[in-house]
Amino acid sequence: MKLLFINGVNLNMTGIREKGVYGVQTLEEINAEIAAHFKDDECEFYQSNCEGDICTKLQNAKCDGIILNAGAFTHYSYAIRDAIAAIQIPVVEVHMSNVHSREEFRHTSVISAVCRGVIAGFGKNSYILAGESFKL
Ligand code: DQA
């Protein structure tokens with residue numbers, strides 16, 4: 001199975017920013033753990049701070065499932081929502097933090113409705129739980 005993990009804006013700062021929320025591990029370290037967990041699968045990791053680049057990545061994706069942490073784009077990017085709706089590959093929305101226990105603006109996701117499901121609040125394991133969902 002080929003899984004594509006996409007991280008959006010500011011996720012490259014994981015391990016540096018708001019460590020109490022997102023932990024102390026870098027995105028590279030987290031990705032290495034994810035790849036080890038899915039050692040029998042093919043994993044691709046992509047991160048961008050640019051909304052349009054994430055749309056292009058979604059449009060060109062060739063894989064069995066996409067795990068998407070869009071970061072703050074989650075809360076307002078109709079462009080990413082439309083890109084998800086435009087493709088046939090299922091997308092699972094992921095958040096490391098429990099967005100529903102945080103600020104009000106994080107309670108709204110404009111992408112959830114076009115995703116297969118949503119996983120939030122399990123730190124780096126949110127990515128692994130989302131990836132496992134494609135095997136059910
Ligand atoms: C996040 C939650 C978002 O609200 C925030 O803007 C992020 C990270 C998470 O993984 O918990 O950048 O998607």
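Start by selecting R17, Y22, G71, A72 and R106: they lie nearest the centre of the largest pocket, which has 16 lining residues. A pocket here is an open set of points on a 1 Å grid over the protein atoms alone, where a 1.4 Å probe fits, with protein on both sides within 12 Å along at least five of seven lines; lining residues have an atom within 4 Å of a point. The pocket holds about 190 Å³ of space, a volume filled by probe spheres set on the points. Colour the lining by class and you get six nonpolar, six polar and four charged residues (Ala, Val, Leu, Ile, Met, Phe, Trp, Tyr, Cys and Pro are nonpolar; Asp, Glu, Lys and Arg charged; the others, Gly among them, polar).

A word on what you are viewing: this is a predicted model, where local features need pLDDT of at least 70, side-chain atom pairs count only at pLDDT 80 or more, and totals for chains, interfaces and linings use all residues. Residues are numbered from 1 along each chain as its sequence is written, and side-chain values use heavy atoms, without hydrogens and water.

Next, zoom out to the protein chain, with its five helices and five strands (DSSP runs, H or I of at least four residues and E of at least two, numbered from the N terminus). Follow them along the sequence as β-α-α-β-α-β-α-β-β-α. The C-alpha trace spans about 35 × 35 × 25 Å along its principal axes.
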